[in-house]
Amino acid sequence: MRLTVQHRTEYRYSQPIAYAIQTLRLAPRSNDGMAVLSWRVRGEGRSELPSFVDGFGNLTHCHAVNRPHDFTVVTVEGEVETRPGDGVVRGAIETLPTGFYLRMTPLTAIVPEIAAFAAEIGDRLLPVDRLTALMEAVRRRVDYRTGVTTTMTTAAEALRVGAGVCQDHAHLFIAASRTLGIPARYVGGYLWTGEAAPIEASHAWAEAYVAGHGWIGFDAANRTRPTEAYIRTAIGLDYWSAAPIRGVRRGAAEERLGVSVQVMSTQQ
Amino acid sequence: MPAVYADAFDETGLPGPCLPHYALIRRWLDETPRDFLLHKRREAELLFRRAGITFSVYSEGSDPERLIPFDIVPRILCAEEWARLVRGLVQRVKALNAFVADVYHEREILAAGKLPAELVLLNDGFCAEMQDLDVAASAYVHVAGIDLVRVGPNDFYVLEDNCRTPSGVSYMLENREAMMRLFPNLCAKHRIAPVSHYPEELHGTLQAVAPPGCTGEPVIVLLTPGAGNSAYYEHSFLADEMGVELVEGADLVVDDNLVFMRTTEGLRRVDVIYRRIDDPYLDPLTFRPDSLLGTPGLFNAYRAGNVTLANAPGAGIADDKAIYPYVPEMIRFYLGEEPILANVPTYRCGDPRHLAYVLDHLSELVVKEARGSGGYGMLVGPHAAAAERACFRAKLVARPENYIAQPTLALSTCPTFVENGIAPRHVDLRPFVLSGREVRIVPGGLTRVALKSGSLVVNSSQGGGTKDTWVLERLPET
Amino acid sequence: MLSRTAESLFWLARYMERAENVARMVTVGRRVASVAQSLGASGDEWLSTLIATGCDRGFFHKYSEPASDAVLDYLVRDPDNPSSVLSCFETARRNARAVRTALTVDMWNALNETWLTTREFAAQLSDPDKVPTFLDWVKERSQLFSGAYGSTMLRNDAFYFTRLGTFLERADNTARILDVKYYVLLPQDEGVGGALDYFQWQSILRSVSALRSYHWVYHDRLQPWLIAELLILRPEMPRSLLSCFDQIARHLDLLAEAYGGKRGECHRLAGETYAQLRYGRIQKIFQSGLHEFLADFIDRSALLGAEVGKLYLN
């Protein structure tokens, strides 16, 4: 399936700020299930932003505006060709051993509640079945609701509150999976929903490693394994290491963020 | 005359006659009136105070800028002793650098089963952001402070490796300056190997690791957390001696993955950063998002190959206390050599068999946090009260993987000027090892001395002092 | 050089100068207050000192009445007052510590020892008798610092920024001292030319160590317009506004030269103010109002400081 992405992030400030910088993990790299046909990450008035590959293998761009400004914008335009699949990632760039993805992070810290939650999954024979059950359990326990959590919300907090967005589902899935001794990681990307109207956020899900299969995607928010509607852009231990955009600015001003994400299918 | 105790001269010829390289000192101490020494010690204090050579001690009420006590009796090593140490230090630091390079690339040492993979991969010191990054000259630990203790005439142990942002080298240099001012005659009678070229060596090391794209003279800066940091004096001292700018995070700005400093003439490109800010605070865009000390985007520029950070982020994996027991194995694996300097036998409490032993022998062991420093959170078994031991026992049982234990060592002593005269006090030694395209060591290091009688804790935050360390090129004529 | 380094040099010089000026004003304040009642003064002497040092706002935040003990304490050693002598030394030393490598050893020693001794002194200052000795010592220390940097610093941009700090602060202080006498302490009609008036003018001159200079320059009894002329327009008076702006304009020019000719609004502003002082007449100034003139000057100085910051320090 051919998917195009148009992703625009606008920053408006109540008064001019001196400097702003963002790290962007918004560029997919091809794997067996997805070929990147074209992809451009641009800042305001620039053709292409400087980039590097980070430790996780993510293509990372850096956007800096070093002059007084009250407006700036980052745009992503790209096209990929995806293939139907079973949610197993094949042919992707792997830089770190699977065992690394058992690490805890502050956002995925394992507290007794999470250990108890993971224990409820029960002792199914096949790891894939356990993970599928975990995905269902995560979605059952954490209702999909925006505005309840932030990017700083931990897996434990999301579990306690019982509500959150795709990021929280991914964090809880990851923390629980690691509790079970299964390496798991955070994935950021885009999702084609069939809707024509732009939405205000990109998507996130999780991957877990099962020997004999490899890395398998689990989108707990949508109770599914990734399909050909998914574009995988960045991986990390949690939101902070895979964040689509991390930014810092200098100057006292209020920021108004305008995000517009449009994923379209060019072939019916 | 000061009372010179018979056992004052250990290091470690004891019991026996005073070692030949201490002979002149011995005579000098015998001949010098106590009041004169007292007077000189006060003068030294004034010297340090005036120069502002102070050390901030965290969470203390009174004086925010405290002096580290300076002992006026030098610690002396003879040329042969030093030569052997140098060989051992070069070997060890080469292996540590090779280990860090390997850990962030192919991880051959894990594949070879020389140390457990999870010890590295799940270690807080392991910095995934460093994976696959090629750094100039494959140097990661540009400045290492290797803490040594001595337990016999020829037995030095490495107590710990400091591979992140080791400090103390300014004391090594200032102590020498103080000694030459206070006791010019005494110094002149010894052939003391000089140390004052350390800043030059450091500068040369940093120049040698400029990024490949840097043409011409690299611009080097020293990045400090600021005047509130405990080692701030050292930062400004080294910047001054090297003739480089002392910058704070806010003085740097990243644009187009390049690093600049803000100057009165506009932005100026920076090539090499000798950073004395810890990893988590370097760059809020990559590490702790709440850090105000660092420079946003700095790591991006590093990763893009446009700037060198020294020491490299993630170099701390090499000095982790849980990794420490495997350093001899690293030396064999990477260099194909037998270690010249030995490790202190270490029990990893995360290993159930080791833990059982430790719990059984708590009163004989020193227990440390696997990831602590500064002598905090440490149990010295033989000196601890029963209640303290019980408290540690509980901690050990609860989180064994957080602790390591080592036998209590019979540390060497050096003659030290204390209230009752010249008495033996336990010492350690931190030589500073520089790695760029080659390994360089300035003869000597920082000798830290436990000023309390019998104490084995030399940390300045715990009431330790320092001494000048003399490496004699020739034995003194007596 | 680093912008932060330049900024610290600029401010440490300002604070050392301010410490001296506050000490001078407190010394005079004590003198005026001690004879004020017998001369029938209004009792505003300490108030005028607070205004002259720019500390009145902060003071009345803390106290309701300008009683002498309270004012003394506030101006000399109150850590809450950023312009108290103690705070000035503290701030100067903090700035110095942040840019140690840009200082000469003598500068550092002057600053560091000042700070070390101040901390010892501070404990004794609750005894009012100790205060005069302390104030004299403060003046000495500030002058020691000026001497240290004047005689040891390389004549490069670091020196120019330090100089700018010293003279901007000094100009501001001279203007304030004069304005306070003229505006706040202005006696009732019957008092002009009387004993109190004379005594106050004399004190102003004393505060800037210019009583003898006045006599050398004018060979006349104390006349307000001559005193104003001396402190505003005379080039031979080192604390006059003209002298200060001569230095400021000159060092801004040197900076522009050092930096390849780049100039900004601060250069224009300094040149304009300098020309106004250089070619000014005291009669004209009095005609259009001395207070208005000084208030305008103080505003311009502040603006100049901000413009220097914009061009070099941010």
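Predicted model: local features only at pLDDT ≥ 70, side-chain atom pairs only at ≥ 80, totals over all residues.
**Figure 1. Where chain A meets chain B.** Of the two pairs of chains that touch, the pair with the most contacts is that of chains A and B. Here 21 residues of chain A are in contact with 22 residues of chain B. On the side of chain A that touches chain B, three strands each supply at least two residues, namely β2 (19-27), β5 (59-65) and β14 (245-250) of chain A. The largest share comes from β2(A), which gives three residues. Sorted by class, this side of chain A holds 13 nonpolar, five polar and three charged residues. Chain A and chain C, by contrast, do not touch, and their nearest C-alpha atoms are 10 Å apart.

**Figure 2. An antiparallel sheet of chain A.** This view shows an open sheet of four strands in chain A, which follow one another in the order β4-β5-β2-β14 with antiparallel pairing. The strands at the edges are β4 (51-53) and β14 of chain A, and each has a single partner strand, so one side of each is left without a neighbour in the sheet. From one strand to the next, the twist averages 20 degrees. At one end of this order, β4(A) and β5(A) pair in the antiparallel sense, and three bridges hold the place of that pairing. One of the residues to look for is F52(A), whose bridge partner in β5(A) is T60(A). Strands of a sheet pair in this way through backbone hydrogen bonds, either parallel or antiparallel.

Figure 3. Strand β5 (residues 220-223) of chain B runs parallel to β6(B), and three bridges join the two. Within this pair, L222(B) stands opposite L246(B) in β6(B).

**Figure 4. Strand β19 of chain B and its two partners.** In a regular strand the side chains alternate between the two faces of the sheet. Strand β19 (residues 432-435) of chain B is covered on both faces, with F432(B) and L434(B) buried on one side and V433(B) and S435(B) buried on the other. One partner of this strand is β2 (residues 143-152) of chain B, which pairs with β19(B) in the antiparallel sense over three bridges. In that pairing, A144(B) stands opposite V433(B). Another partner is strand β20 (residues 439-441) of chain B, which also pairs with β19(B) in the antiparallel sense over three bridges, and here S435(B) stands opposite V439(B). Together β19(B) and β20(B) form a hairpin, with three residues between them.

**Figure 5. Two domains of chain B and the contacts between them.** The domain assignment divides chain B into domain 1, made of the stretches 6-211, 307-340 and 409-474, and domain 2, which covers 345-407. The centres of the two domains, taken over C-alpha atoms, are separated by 25 Å. Where these domains meet, twelve residues of domain 1 of chain B are in contact with ten residues of domain 2 of chain B. The side of domain 1 that touches domain 2 has six nonpolar, three polar and three charged residues.

Figure 6. Chain B has 13 helices and 22 strands. The radius of gyration of chain B is 23 Å, close to the 23 Å that the globule rule gives for 478 residues, so chain B is as compact as a globular protein of that length. Along the principal axes, the C-alpha atoms of chain B fill a box of roughly 70 × 60 × 50 Å. Of the 478 residues of chain B, 49% count as buried. Among contacts in chain B between residues at least 6 apart in sequence, 70% join residues at least 24 apart.

Notes
Residues numbered from 1 in each chain as written. Chains lettered and ligands numbered in written order. Contact = placed C-beta atoms within 7 Å. Nonpolar A, V, L, I, M, F, W, Y, C, P; charged D, E, K, R; others polar. Pairing = 2+ DSSP bridges. Rg over C-alpha atoms; globule rule 2.2 N^0.38 Å. Buried ≥ 20, exposed ≤ 12 C-beta atoms within 10 Å, placed from the backbone. Domains from an automatic or database assignment. Axes fitted to C-alpha atoms, helices over the stretch in contact; angles between N-to-C directions.
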